[in-house]
Amino acid sequence: MAATAWTVFQGTKPEPMQVEILGVLRNARGPGQDLIIARLRGAKPEYTGVVAGMSGSPVYIGGRLLGALSYRIGQFTKEPIAGITPIEQMIEVRNLSDQELRASSTTTPGALSFPAGSATGSAEAAGGSNAVIPAASSTFQPMETPLILSGFTPAAIRFWQQQTKGTPLQSIAAGGASPGLGSSSSPAMLSRPATLEPGSSVSMQ
């Protein structure tokens, strides 16, 4: 199956990536929690591989939301094989009780092993046959999500790095802004339209 993912490679404008669906790993993320396996196509993803910051990028088939990019193979491979969390399983979070949400928040997603030979794995394909997945590693790692912090003190940066340790969030210190640039009273900020489209990057003040 062919799909399209949207992500930001540079600046703020989301760009499309072609996605080839390879199959589904059943119960890969836990009981009843599947992982869709896909290969990214196109000059940019084939050059960069699946990298930090692509996590959460929406994937569509025929205008319908399939899910979001969430996993990649290994740490250093540039093979553009990605894992997609199905949207149906993502929206189940809305139906969880507060107690269930608190319990799930203490669990950190880790590496996922998939059925493998020496260097390949097989997933259940849409047609019922096996789809061979070439890989440099036999595990899928959660994609990192950069959390870029600007204008914070070093102590605050260290605090967030401690709080997010062991999670896919990567707290990164960025350069400071000019005085007033990030202010809510800044005319530039007030005149900028607040738009959110699939694949957009998100910032908060």
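This report walks through a few features of a predicted model.

## Before we start

Because the model is predicted, local features need a pLDDT of at least 70 and side-chain atom pairs count only at pLDDT 80 or more, while totals for chains, interfaces and linings use all residues. Residues are numbered from 1 along each chain as its sequence is written, and side-chain values use heavy atoms, with hydrogens and water left out.

Helices (H or I, at least four residues) and strands (E, at least two) are DSSP runs, numbered from the N terminus.

## A strand, a helix, a strand

Let's begin with strand β11, residues 145-149, and strand β12, residues 169-173: they run parallel and are joined by five bridges. Two strands count as paired if DSSP finds at least two bridges between them. If you want a spot to look at, find threonine 145, which stands opposite leucine 169 in β12.

Phe152, Phe159 and Trp160 make a nonpolar surface patch of about 320 Å². To count in a patch, residues need over 30% relative accessible area and no salt bridge; nonpolar side chains (Val, Leu, Ile, Met, Phe, Trp, Tyr) are joined within 5 Å, and like charges within 9 Å. The areas come from the Shrake-Rupley method with a 1.4 Å probe, and for residues only the protein chains shown count as cover.

Phenylalanine 152 is found in the loop between β11 and α4. Its relative accessibility is 46%, so phenylalanine 152 counts as partly exposed. The labels work like this: buried is under 20% relative accessible area, exposed is over 50%, and partly exposed is in between (1.4 Å probe, protein chains only).

## Salt bridges

The structure holds four salt bridges, each a side-chain nitrogen of Lys or Arg within 4 Å of a carboxyl oxygen of Asp or Glu. One of them pairs lysine 13 with glutamate 197, with the closest N and O atoms 3.8 Å apart. Lysine 13 sits in the loop between β1 (2-7) and β2 (15-30) and glutamate 197 in the segment after α5 (187-191), so this pair ties together parts 184 residues apart in sequence. Lysine 13 is exposed at 54%, whereas glutamate 197 is partly exposed at 37%.

Another salt bridge joins glutamate 15 and lysine 44 (2.9 Å, N to O). Here strand β2 holds glutamate 15 and helix α1 (residues 43-48) holds lysine 44, 29 residues apart. Arginine 41 also bridges to glutamate 20, at 2.6 Å between the closest N and O atoms. Arginine 41 is in strand β3 (residues 33-41) and glutamate 20 in strand β2, so parts 21 residues apart in sequence are tied together.

## The nonpolar core

Which residues touch the most other members of the largest nonpolar core? Out of its 16 residues, they are Val19, Ile21, Leu40, Met54, Leu69 and Ile84. β1, β2, β3 and β6 (81-86) each supply at least two residues of this core, and β2 gives the most, with four. Such a core is a set of buried Ala, Val, Leu, Ile, Met, Phe, Trp, Tyr and Cys residues joined through side-chain atoms within 4.5 Å.
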